[in-house]
Amino acid sequence: MTGMPVFVPTELVPILEATDRDQQPIDELAMSARLLAAIPPEREISPDERKGAFAEIFAWRFQRARPDERRTWGIYWSELTSWTTSEGRQIYSPDIADVDDDVVEHWIRRSENATHPTIRARFSDLAWEIGHHQKVGGQIPQQVAHRAVDEYLQAVARGLYSDEIDAWLWLDRASELASTIKDEARFLAARRAAFSLWKTLLSAGNTDSLWRLDDILWNYRFCPLLPVERAEIVEALEDELRRRSDIARPATFDPHVAMDMADRLRRWREKGGEPEDAKRALSVAGTAFEDAAEMADGLTAVSWLEDLLPRYRGVGDLSAAARVEQAIRTRSRDAAAEMKTASVPVEIPAAELEKWADNVAGATIGEGLRHIAAAGLLKEGATRSSVQEMLQGTALLAAIPVTLTGPGGLTKATVGSLKDDPEGRTLMHAAQLLGWRAPWLNLAFRRTREKHGISVEGVIAHAQACPFFAADRMPLLQRGVEAWIAEDHVSAVHILVPQIEAALRDCLAAVGGTVWRPNRTGGFKTLTLGDILTDAVFKEKVSADVRFHLRALYTDARGLNVRNHFAHGLMLPDGFQRGLSNLVVHSVLLVAMLRPTAGTAG
């Protein structure tokens with residue numbers, strides 16, 4: 001469009017003139033739709049009119065973005081919609097790439113010639129912000145920014161908004177612009193206007209806009225607040241905290257709002273050197289949540305109470321944190337009772353199962369154990385493909401984050417969407433697959449036992465071929481395998497997992513890694529399993545699939561996390577079943593397959 005004149009289609013002129021003349025609130029998106037509908041779809045638009053249509057119609061489609069939402073171009077204005085073409089090209093509508101010198105100059109003239117404050121403010125702001133970003137429009141005079149601030153304030157003062165949210169957005173933007181250009185007089189005028197709007201709304205019974213005033217006062221501090229202004233916002237936040245945290249008044253009780261007020265008070269109090277008042281505000285809001293949790297169902301109560309733990313610890317209120325932990329343990333039983341089991345029956349012909357098991361068992365005991373190690377290995381790439389295939393066509397499930405609950409009712413991990421957290425989704429799915437495949441692994445062990453008679457000696461012989469199972473630890477490995485064969489699953493897991501950890505530690509040392517780290521007492525500590533599996537050298541030298549499988553089974557909170565659960569006394573007796581000890585013995589067989597080869601283990 002560069003180099004073409006800005007010629008506004010004639011159909012738009014009456015609408016533009018009437019809107020400016022009527023001096024009524026303008027719905028920005030509705031204005032865009034109205035202008036677009038005014039041009040008959042069958043009419044041919046000339047090239048010069050096309051630029052004029054963009055300058056007038058799409059000027060109303062640029063969206064106001066909060067600072068944390070400025071993702072596309074890194075500026076205040078953002079697109080209304082975006083999409084990706086089949087060729088992979090990203091399309092934005094509207095797009096600042098379509099803004100050239102002529103469009104910016106048109107916007108400046110519109111802001112000068114219009115009389116409606118909303119029109120003058122928007123077109124000034126567009127010209128200033130996008131013109132600067134695109135480096136078009138020549139040297140844009142600073143009075144364009146002045147006009148944007150002045151007209152935003154004028155629009156608020158005259159009540160030219162159909163929804164109060166527009167007024168707050170305008171005041172927020174006026175404060176930001178005045179701060180950016182370091183115009184103290186206009187900045188203070190915006191602050192006074194924010195206080196004035198809040199008081200007007202409050203006198204009309206609207207108490208829900210305090211947070212918007214607080215955001216403006218906190219985010220834009222080009223000029224420090226006067227003591228009387230700080231006292232006013234702090235007192236208002238305290239009043240709202242008291243009102244929202246009183247459970248005896250259900251009409252106004254809202255622990256979520258109370259906590260928001262407490263968080264806002266906390267930053268003002270801490271900035272003012274008043275940590276005890278900050279702590280008190282949190283205590284008031286926290287008590288509101290604890291009161292609400294007593295009346296809520298178990299799942300909701302645990303979710304609410306969990307949020308209090310880091311808050312109480314953050315202000316050093318350890319007694320409150322201990323009280324909440326106890327409440328979570330109590331309510332977690334209710335939460336567990338509220339959960340429902342969902343199952344889908346899967347039928348596999350018996351002949352197929354038997355054929356598969358017979359193939360895995362192999363011709364000899366040694367071959368069978370090697371086959372079991374390979375058959376039970378979860379491969380990272382295949383697991384990632386499996387979760388993507390499973391969630392294909394279920395966009396909602398793929399997009400919603402998942403909270404995983406651990407022993408005691410607390411959240412052990414949060415897994416993001418498939419797009420944002422593919423590793424987390426893959427590890428979570430690996431845990432599911434380990435459970436789903438447990439019957440297959442048990443069948444493989446059973447058939448191998450039937451064909452060859454799995455014995456302690458056979459498993460130990462398989463492990464002894466691996467140099468990482470040290471000879472002086474073989475008696476322990478033998479005791480663990482004996483426990484597995486005797487169906488003593490508690491003993492099998494407790495004995496074998498540390499032997500697997502020790503073998504992997506020796507493996508790391510063998511491939512050039514270090515297995516000791518300095519401790520806080522002037523000595524050294526030995527790397528534990530989680531540290532080993534994520535060690536940079538181990539990751540470089542050991543098969544990614546082996547590392548992935550062991551992480552998913554033993555050390556990652558998004559997986560089964562077996563090592564941490566049983567080692568820290570978090571696993572209940574019913575967790576020590578044949579399925580778990582089979583997985584542990586499978587790990588012995590898997591680690592026993594590792595061999596040092598040219599500085600690697602694979």
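What volume does the largest pocket have? About 1,300 Å³. A pocket here is an open set of points on a 1 Å grid over the protein atoms alone, with protein on both sides within 12 Å along at least five of seven lines. Its volume is the space filled by probe spheres set on the points, which are joined across faces, edges and corners. This is a predicted model, in which local features need pLDDT of at least 70 and side-chain atom pairs count only at pLDDT 80 or more, while totals for chains, interfaces and linings use all residues. Residues are numbered from 1 along each chain as its sequence is written, and side-chain values use heavy atoms, without hydrogens and water.

Start with the lining of that pocket. Lining residues have an atom within 4 Å of a point. The largest pocket has 42 of them, and L404, T405, G406, P407 and K412 are the closest to its centre. Several elements each supply at least two lining residues, including the strands β5 (402–405) and β6 (411–415) and the helix α19 (422–436). Helices (H or I, at least four residues) and strands (E, at least two) are DSSP runs, numbered from the N terminus. By class, the lining has 22 nonpolar, 16 polar and four charged residues. Ala, Val, Leu, Ile, Met, Phe, Trp, Tyr, Cys and Pro count as nonpolar, Asp, Glu, Lys and Arg as charged, and the others, Gly among them, as polar.

The second largest pocket has a volume of about 330 Å³. Helix α20 (residues 438–452) gives the most to its lining, with three residues. Nine lining residues are nonpolar, one is polar and one is charged.

Now turn to the cavities. A cavity is a set of points where a 1.4 Å probe fits but cannot get out. The whole structure has two cavities of 30 Å³ or more. R66, W168, L169, D172, W211, R212, D215 and I216 line it. Helix α9 gives the most to this lining, with four residues. The lining divides into four nonpolar, no polar and four charged residues. The second largest cavity has a volume of about 30 Å³. Among its lining residues are S175, F187 and I216.

Follow the chain to helix α10 (residues 227–244). Its 18 residues reach 26 Å from the first C-alpha to the last, close to the 26 Å expected at 1.5 Å a residue. That expected span is 1.5 Å times one less than the number of residues. Its buried residues include I233, V234 and L237. Buried means under 20% relative accessible area, exposed over 50%, and partly exposed in between (1.4 Å probe, protein chains only). The buried residues of α10 pack against α8, α9, α11 and α12, with contact meaning heavy atoms within 4.5 Å.

The structure holds 53 salt bridges, each a side-chain nitrogen of Lys or Arg within 4 Å of a carboxyl oxygen of Asp or Glu. R173 pairs with D125, the closest N and O atoms being 2.7 Å apart. R173 lies in α7 and D125 in α5, so this pair ties together parts that are 48 residues apart in sequence. Both R173 and D125 are buried. R266 and E270 form another salt bridge, at 3.0 Å. They sit four residues apart in helix α11, about one turn. R266 is partly exposed, at 21% relative accessible area, and E270 is partly exposed too, at 44%.
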